[in-house]
Amino acid sequence: MALHFSDAEFESRFDKLKAAMEAQKLDAMLLFAQESMYWLTGYDTFGFCFFQCLVVTKDGRKVLLTRSADERQAKHTSNIEDIRIWIDRGSASPVLQLKEMLFDMDLLGSRLGVEYDTQGMTGKIALKLNEELTSFADVSDASPLIPELRAVKSAEEIVYVRKASELADKAFYAAMDEICPGADEGRILAAMQGAIFEGGGDYPGNEFIIGSDRDALLCRYKAGRRNLSDQDQLTLEWAGAYRHYHAALMRTVVIGTPTDRHMEMYTAAREALAAVETQLVPGRTFGDVFDAHAERVDAHGLMPHRLNACGYSLGARFTPSWMDMPMAYRANPAEVKPDMVIFMHMILMDSISGTAMTLGQTYLTTTGAPECLSKLPLDLPVKSG
């Protein structure tokens, strides 16, 4: 089996899950989040785009219902021993097959927690699941349960996070080697992703963000490339990914000479990042982190140009997003705890002047001050030729 963690690690995770299930009085959970399956068993696939469900019981059983294309995948990458196949045929319903499987597992009338809040659960599946299970068992939404457990990383996980961070740094240096007036954005992306693959890394949970000129103000990937001008700006958001664990970074690179507006916005972003570091300590909340960012940005008169969130947790994530919970937004009561991996992004986008400025890096929380995992300098990156 291609497992990336020790047996003791997986046993510890399962023990934590069973304790959490007991606290919520759940007899079993229906896992649809690929992240949950990977964390609990090592199961590694993008087959969650089709129907699959891992049933976990409080007495320690794990039964996977998946498609035939993923049977070998599950046997090779996970510690799941009981793997069952739902059959693709006509109007066959995998939900009905799941219900039959639950009956065979003696879960009729039980208390079932379901992971609804995940890309592995479509609205169609949810509707059919509720229709079939409402009279079968006591069903409740248990979506936050495993994400809360995953938010605090183990020592074995932190090893992979550190490797991901090393790859993220290498990707930036590869980009800077390519960035210059006339450079093709496609070559910059290829250099970044190539550095990660060459270092043994993985595809990230979502596409890298790249945009120059006015597109530097965008916070999402879009199709289409351009060549950099002699005077330009390039926004990059990327992540090193290793064993699916992510360490993200964000920078706006100035090509040519920074404008006064660039420098004003950079100063605000740098101060905001320093401010959030003071809040990334146990006893503070993700709401406190956001407030520290907002206070510094707003003090520079840049409130109209900031976002309503300034960061989020990272971990082992699958497409379509590397973002994890908790997230730093106003009044979020989620607590900062030791051994969390948190990406902080200071994003300022002035649509009036067409000026972009971003500064972001990933931290590991401790019992005291946070540790920045990146070794990159925080100076404004400039390429003049």
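This is a predicted model: local features need pLDDT of at least 70, side-chain atom pairs count only at pLDDT 80 or more; totals for chains, interfaces and linings use all residues.

Mentor: Let's start with F5, which is buried at a relative accessible area of 7%. F10 is buried too, with a relative accessible area of 4%. How do the rings of F5 and F10 meet? Their centres are 6.0 Å apart and their planes stand at 85°, so this is an edge-to-face pair. The cut-off behind that label is a plane angle over 60 degrees.

Now for a second pair, F51 and W86. Here the ring centres lie 6.2 Å apart with the planes at 85°, so F51 and W86 are edge-to-face as well. What I like about this pair is where the partners come from: it links distant parts of the chain, 35 residues apart. F51 belongs to the loop between α2 (34-41) and β2 (53-57), while W86 belongs to the loop between β4 (82-85) and α4 (94-104). F51 has 6% relative accessibility, so it counts as buried. W86 comes in at 9% and also counts as buried.

Together with Y160, Y242 and Y245 they form one aromatic cluster. You can find another case at F14, where the charged end of K18 sits over the ring at 4.6 Å from the centre.

F10 and F14 also lead us to a helix contact. Helix α1 covers residues 7-23, and it packs with α2 at an angle of about 125°, the two axes being 7 Å apart. That angle makes α1 oblique to α2. Which residues of α1 and α2 make the contact? On the α1 side they are F10, R13, F14 and L17; on the α2 side, Y38, W39, L40 and T41. So F10 turns up in the aromatic cluster and again in this helix contact, because contact here means heavy atoms within 4.5 Å.

The structure holds zero disulfides. Take C219: the closest cysteine sulfur to its own is in C310, 13 Å away, which is too far for a bond. For C180, the relative accessible area is 25%, so it is partly exposed.

Last stop, the backbone. As background, most residues other than glycine have a negative phi, and most peptide bonds are trans. Against that, the peptide bond from T319 to P320 is cis, with omega near 15°. P320 is placed in the loop between β10 (309-313) and β11 (324-329). M325 and P326 are joined by a cis peptide bond as well, with omega about 5°, and P326 lies in strand β11.

Then look at the loop between β11 and β12 (341-350), which is where A331 is found. A331 is not a glycine, yet its phi is positive, about 65°. Is A331 buried or exposed? Its relative accessible area is 63%, so A331 is exposed. D339 has its place in the loop between β11 and β12 too, and its phi is near 70°, again positive in a residue other than glycine. With 30% relative accessibility, D339 counts as partly exposed.

Technical notes: Residues are numbered from 1 along each chain as its sequence is written. Side-chain values use heavy atoms; hydrogens and water are left out. Rings of Phe, Tyr and Trp (its six-membered ring) pair if their centres lie within 6.5 Å; planes under 30 degrees apart count as stacked, over 60 as edge-to-face and the rest as tilted. Buried means under 20% relative accessible area, exposed over 50%, partly exposed in between (1.4 Å probe, protein chains only). Helices (H or I, at least four residues) and strands (E, at least two) are DSSP runs, numbered from the N terminus. A charge sits over a ring if NZ of Lys or CZ of Arg is within 6 Å of the ring centre and within 35 degrees of the ring normal. A disulfide is a pair of cysteine sulfur atoms within 2.5 Å. Axes are lines fitted to C-alpha atoms, for helices over the stretch in contact, and angles run from 0 to 180 degrees between N-to-C directions. Angles under 35 degrees count as roughly parallel, over 145 as roughly antiparallel, 65 to 115 as roughly perpendicular and the rest as oblique.
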